[in-house]
Amino acid sequence: MTAPTNGYAPHPYLGGRTAVLRALAAWRSGRPGAPRVIILTGSPGSGRSHLLTGFLMLCDPEFRGRLPLADLDPSTVPPDLPAPAVPNAAGLTATQLGWLIADHYGLRAGRLEEVYAALGALGRTESVVVPEVDRAGPVRTTGEPARVVREVLRPLAATANVRLLADVPRELATELEGGLAPGTAQIIDLDDPQWADPRGLVLQAYALLRPESGAPEPPFASDAAARRTLAEAIGRRAGTSPLTVQLAVRSLLTSSGAAAPYDETLLPTSVGQALDLHACRLGADPQTLRLLLAPLALAEGDGLPVALWTRLVNALAGRDMSGPLSDSGALAGPFVESHRPDGDGSARTLLRLLHPAIGDEIRAGLPNVRAAQTQIAMALLEAVPDQDWSRADPYVRDHIAGHTLEAGLLPQLLTDPGLFVHADPVPLRAAVEAVPAEELGAPARTYLRTAALLTRTQVPALQRAALLETAFVEDGLPEYADAIHGRLGLDLPWQTLWTLRAPGISAVSAGSLPGAEGQPVPVAVLVVPADSAVLVHPLVRSDDSGPGPGPGQVLHPSEEERAAAPLGLSRGDDYVRVWDRATRKVVAELLSDVPFTAVDLSPDGILVVATERSAKALRIRSAAAGAMRRAA
């Protein structure tokens, strides 16, 4: 069962796939007649990701040294070349994926469209492998895989010096191929008989049933002949799906004593059958299993915390499911995996489905996905303590937008500045962008125009709050700015005093005019060369009482007064930093999505800035310095 008929050893990770590996090795070599672009596709669960992982082992100069290359079929082994670029699309937007490619090659480009021209100008052949396009996007329902194909993969495929290998859903494969010259691209569909690997499925089942794989020792696992017979039956029934093989074996090892596994009618031919046969093998209702898995099928991100999963199971069932949940280990276990997310610093465990194809099957069986998402959304909202988003579970805070989007309820949620401040801006932005513009209210439109800056800079919640406070003032929504200062209980580094839409300002300065009883009146002076105008605006008021004194009457601080001020500033094209002269610590950092054209800081701490679009004044609250340092 382990030695191929041609005398060569199988790939130690794949155990088969010889025909596909030959085609991929030819692509990698770039030999005459080999396609420059390979589009790997197949049904969900057909093993595309697993295959690419095995192939990339052969392409990595360090890893391939650990493989028995001399024992493998030479036609399946690519030449020893520098490792290709492997930008994984999972979880990324098309824009993020494009810039990831630009960063890998160190390309200088002002716009994403320029990345591919810069890549073509390198003057050398580059190999790019893009796995998991079907998992692209921070929100499952926003159609990001199609955007990745249109905005990233098609430009890459059209770049003559790029050799592209991409793993894409079947419905997008022909779109990627379209427009390329004949012979440029080859579609490899793993479900096509030419590329299917029925013998590999038998080897997969045989390996998974071995006692040394960690399996229990029922008769069919400890007896080699029985194991071989069962592996062949599993492979026959599974068709072209390695996932069906995996689920069949996991089910048998979980419930091996419940039924005779040699009866092929008890072995699945699809993911759906794997679910239903497993439930029946345990004497459970298949709908109970599907209900337990439904919250995971509708989940976003990396999975659900265990406590939240149980809450959502109860919400979808409309009743207490503590009984089935208490016995869910054997019933749901073959289809679920637990893991700890990387990089968030927590020790919490998340649950997720073993493969996205299981989610596809569960969702397809729901009577009304929108109604189910509505139930989930309501349960998630109830899980927010006192509607304080800073105390919400990270999953609820960061992913409720994805659930409410599919439920058709997202516009109603986009009125809470607390959500805007505390939610991860990447999935929230993706969800908001998927809502038709005419359905968005004013605060949501403000968030959307600010979201690009928030996602690019990835600043912490306090700085997000400060940037949104300014944006709300700019858009005439002072009540939302006041809510950030008041109800959210945040110690912001500034308060935005006013904004003025005045394109083309080239210089700003803070000064004062003589006032009644000798009290100076603070003002800002704004120079607009295109209009041959100099505007004098009250520094601390948003209202303009009409024509006032000319700029010649303005008194400006002396250099000595500026040097004695407690705050100083520094600036770049898209940032302004205000720092405490005594401690040399930054107390405020204002970021912009367009370059600053002019800045000034009054001795009493009012920052005046201008961009090509507008000007604004911010009162720097130096008491917030400690909070800014903690956030940084």
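1. A quick term to start: a cavity here is a set of grid points where a 1.4 Å probe fits but cannot get out. With that in hand, and bearing in mind that this is a predicted model, a search of the whole structure turns up 1 cavity of 30 Å³ or more. The largest cavity has a volume of about 40 Å³.

2. Which residues line the largest cavity? Take a look at Leu247, Ala248, Ser251, Leu252, Leu266, Leu267, Pro268, Ala274, Leu277 and Arg281. Two elements each give two or more residues to this lining: helix H11 (242–254) and helix H12 (271–281). H11 gives the most, with 4 residues.

3. Ala89 sits in the loop between helix H3 (61–64) and helix H4 (94–105). Is Ala89 buried or exposed? Ala89 counts as buried because its relative accessible area is 1%, and the cut-off for buried is under 20%.

4. What does Ala89 touch, once residues up to four places away in sequence are set aside? The contacts are Leu97, Val130, Pro131, Glu132, Val133, Arg135, Ala136 and Gly137.

Definitions and conventions
Residues numbered from 1 in each chain as written. Predicted model: local features only at pLDDT ≥ 70, side-chain atom pairs only at ≥ 80, totals over all residues. Heavy atoms only, no water. Buried < 20%, exposed > 50% of the residue type's maximum accessible area, 1.4 Å probe, protein only. Contact = heavy atoms within 4.5 Å. 1 Å grid on protein atoms, 1.4 Å probe; cavity = no way out; pocket = protein on both sides within 12 Å on 5 of 7 lines; lining within 4 Å. Points joined across faces, edges and corners; volume = space filled by probe spheres on them.
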